[in-house]
Amino acid sequence: MTDTHTQNLYADVSQALKAGRATLIDNLLAGKAPTFLDDHARLIDDYFRQSYEKSVVGPKMDIAKNPYAVVALGGYGRGEQCVYSDVDLLFLFEKRVPRVAEDLVREIIYPLWDMGLDVGHATRSIKECMSMARKDFEVLTSILDARFICGMSPLFMKLMDQIRSKFINLKPDSIISWLVDTNRDRHRRFGDSSYLLEPNFKEGQGGLRDYHTMLWIAKIKSGIKQRRDLEYYGYFSHDDYARLNEALNFIWDVRNRFHLMMNRKSDQIHLEQQRKLAEAMGIPPVNGHLPVEYLLGELHRHMEYVKQQHEMFLYEMEQQKRLKRKNKGLKTTEIKGLKFNRGMLNFTSPEKILNNPRLLIDIFVESAAQKAPLNSEAKRLVADFSYLVDDRFRSDPDVVKQFERILIRSSRAFEVLNQMLNTGFLVRFIPEFKDVVNRIQFDQYHLYPVARHLLYTIRILRNFDADALAPADPLVTDLYKELKKKKLLLWAALLHDIGKGEPIAGHSERGAAMAEKILLQKGFNPADAKTVAFLVEHHLLLAQNATRRDINDEETAISLARTIKKIETLKMLYLLTVADSMATGPKAWNDWTSSLLRNLFLKVFNILKNGELASGRAVRIVEKKRQAVAQSMTETIAAEQLDALLNFMSPRYMLYTPVENIPRHLVLHTELGERPFVWHIDKSADADTRTVTICAKDRPGLISRIAGVFTLNGIDILDVQVFTWRNNIALDVFEVNPPPDPIFEDERWERARCNLEDALAGQLELSKELLRKKNDTAPIQPYTAERPTEIVVDNETSSFFTIIEVVTFDFPGLLFRVTDALFKSGLDIWVAKIATKVDQVVDVFYVRDFDGQKVDAPQQVESVKAAIKEILPGEDPQHG
């Protein structure tokens, strides 16, 4: 029979599948496809069955002598077929795979490929399947999900019987151990998706693979056939199974909608795609929060439930193993009203809770002490009886003390507090927590929902006590151990973002008032409550000053010391800042921010300990440095020339430049000669950054040209110190991230040097080159328009400089354009600091006009703002 005839034969079958999928997808988008996954799988089943009946190749295969069957594997086998999920197929033969099988595969699968479906297929005999399953457990799990579609069903049954009798039943424990170990490795690779802002529906912790692992283990242990059997065989209670189904259905719905939006299979929803997905799903704003924030909050809630059930499933299985080992009894408790069920905590009866509501906190204290989770029934009972946690309960001194035991002493505080959050107890105990549960902050700066972030901050603080960070930063360990009232710091950590329940600005001040009220209600003395409120109100103070202010300016440290006042408060604020930044994510905490924050802390600490720096002391510091430099340079530069150079240096340069750097800068000056500039590049010892020291003949716009050249070469600027000597020499120190390709770093620096020479000589138009670069690269799109551009002109913080803050969406060439605008406005830049939050950037500049004065006249301020607005995309210089 001709190929054309074969194609015509399959046309009707293919069209039926195509039309059926289109109808199913329309129903899904209309919210009328509650059983989409199963219906989609059955629709594909129909295609294979009809193809089998109409097959031209099939009759040539002599099915009587060498029977075969078509078998569904993986997600298709489970009947969980998402829109663009792979269709995994096995052509199973009894004895051997005939050559004509390739024709059968082409005949049946090619039409599906033409439709855009991803079809994975294998042609194997029973013997080959057994051999591969023994060697590769991933093959085994796909066979565990196998489902007969068409062909010779006894052949399929024979495979499944042999897999169980000759393999699974002989070594179930080793297979299960592999599944558990594989899961742990997967979690390490993909992270906790119930927390991450860019969750992976499938592979991350709390994703579909956690559910699959439970299903596979139940199939190995009990031979269950379908998901429903998890309840029938006692792996889940009726309520837990219903809740699991609810969670899975939500995740699958989001995954299907995401597949349709992306027009392909995709399991990780990235930040730039989330807003579009929320819009596509028609989610309205909820309680002042963005639709995307509500969507992610719900997704995290459901994935958290899957994660919890997976953890409990594995924990209970481990406890059952303990019973089989000699002298390995299960845990016991001496607290009346509590008991252990298969290694997990439960109440002896609901009546005990009614008679003694204190058990609602006691069970969590025992969970921390015994390192054992609450079982499902206990969690349900905590939720059912949470109404007993009333004002009297919340303010009971014994209850508060028990809560603080978990907060302060438990090495598993994070897990126990997490159980409190998941059962609703934490919200009942601290009602203000309600509005931050599953509250998403829609930017890539914050990785976790607010409530999870608060608990993670506490976990990190507790690790300080365990010396976990000692090799990296012994300072935090020492400071934590020195604290006299650790509980105040931990309460502040628990409450520092409590004000984010309202989606409006001012969460720190709002949170401080809430924290003080909460602690007074719990019986704290007013002084301690005010200390916690201070920490909450100012938890961003050190981080913002470290990244947005010149920490070498003595006014920065003096201003902070006047605000903080006490050394003990400074220690707590520093530890809270470190833990908060680490719990926020890598964009908030890295070697560079760690170094800045530590240096700022030490400066403020010294001021609080020794008193404010006096001008007389500054003069002594400068004179001491001059003597040290003169002594070290006697053999390099003649005494008269050296004395003249030192006199050219500004007091600010001498005061803030480390003494060991000054001779190197002098050497650079001697190398400059008639060249436009020379530079030296150092790798930092404690951070993956580069220090670029540039000595150049000063000229208007020098900083903007350097910034433009760095941008052109993909070099991100973190910090800039600008010094101008009295002999018209500019000494500029840039702290930067290294070029993107470490292998060709030297070549990139050489190219940047040549670019700067050309730019200073007027042979390179940076504006045009940066525009070309911008067109060649995908711009960073703003993730939400709810964060507008801000331009702040501050004449209060510094006595000598105007500080200009530009908060806007990042794009290639931004720094060059802003610095160029400042230059054209007649301003000299003395210090620049750059803090990027993925899509947003905060550029801070210390400036004076060309006459050395601050920019404090109202018309000057408005003129500068207008000049900056003019160069920002989408900004109207006439409007703020």
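The model is predicted: local features need pLDDT of at least 70, side-chain atom pairs count only at pLDDT 80 or more, and totals for chains, interfaces and linings use all residues. Residues are numbered from 1 along each chain as its sequence is written, and side-chain values use heavy atoms, with hydrogens and water left out. Helices (H or I, at least four residues) and strands (E, at least two) are DSSP runs numbered from the N terminus.

- Seven bridges join strand 2 (residues 87-93) to strand 3 in the parallel sense, and Leu89 stands opposite His121 in strand 3.

**Helix 6**

- Seven of the eight residues of helix 6 (residues 137-144) are buried, where buried means under 20% relative accessible area with a 1.4 Å probe, protein chains only.
- Among the buried residues are Phe137, Leu140 and Leu144.
- Their cover includes helix 3 (74-78), strand 3, helix 5 (126-135), helix 7, helix 8 (172-190) and helix 9 (208-222).
- At the start of helix 6, a side-chain oxygen of Asp136 comes within 2.9 Å of the backbone nitrogen of Glu138.

**Aromatic pairs**

- The structure holds 29 aromatic pairs, counted for rings of Phe, Tyr and Trp (its six-membered ring) with centres within 6.5 Å; planes under 30 degrees apart are stacked, over 60 edge-to-face and the rest tilted.
- Phe48 and Tyr76 form a tilted pair, 6.2 Å centre to centre with 45° between the planes.
- This pair links helix 2 (residues 36-54), which holds Phe48, to helix 3, which holds Tyr76, 28 residues apart.
- Phe48 is buried at a relative accessible area of 1%, and Tyr76 is buried at 0%.
- The ring centres of Tyr574 and Phe601 are 4.5 Å apart and their planes are at 25°, so this pair is stacked.
- Both Tyr574 and Phe601 are buried.

Technical notes
Two strands pair if DSSP finds at least two bridges between them. Buried means under 20% relative accessible area, exposed over 50%, partly exposed in between (1.4 Å probe, protein chains only). Contact means heavy atoms within 4.5 Å. A polar contact is a pair of N or O atoms within 3.5 Å; within protein, one must be able to donate a hydrogen and the other to accept it, and residues adjacent in sequence count only if both atoms are side-chain atoms.
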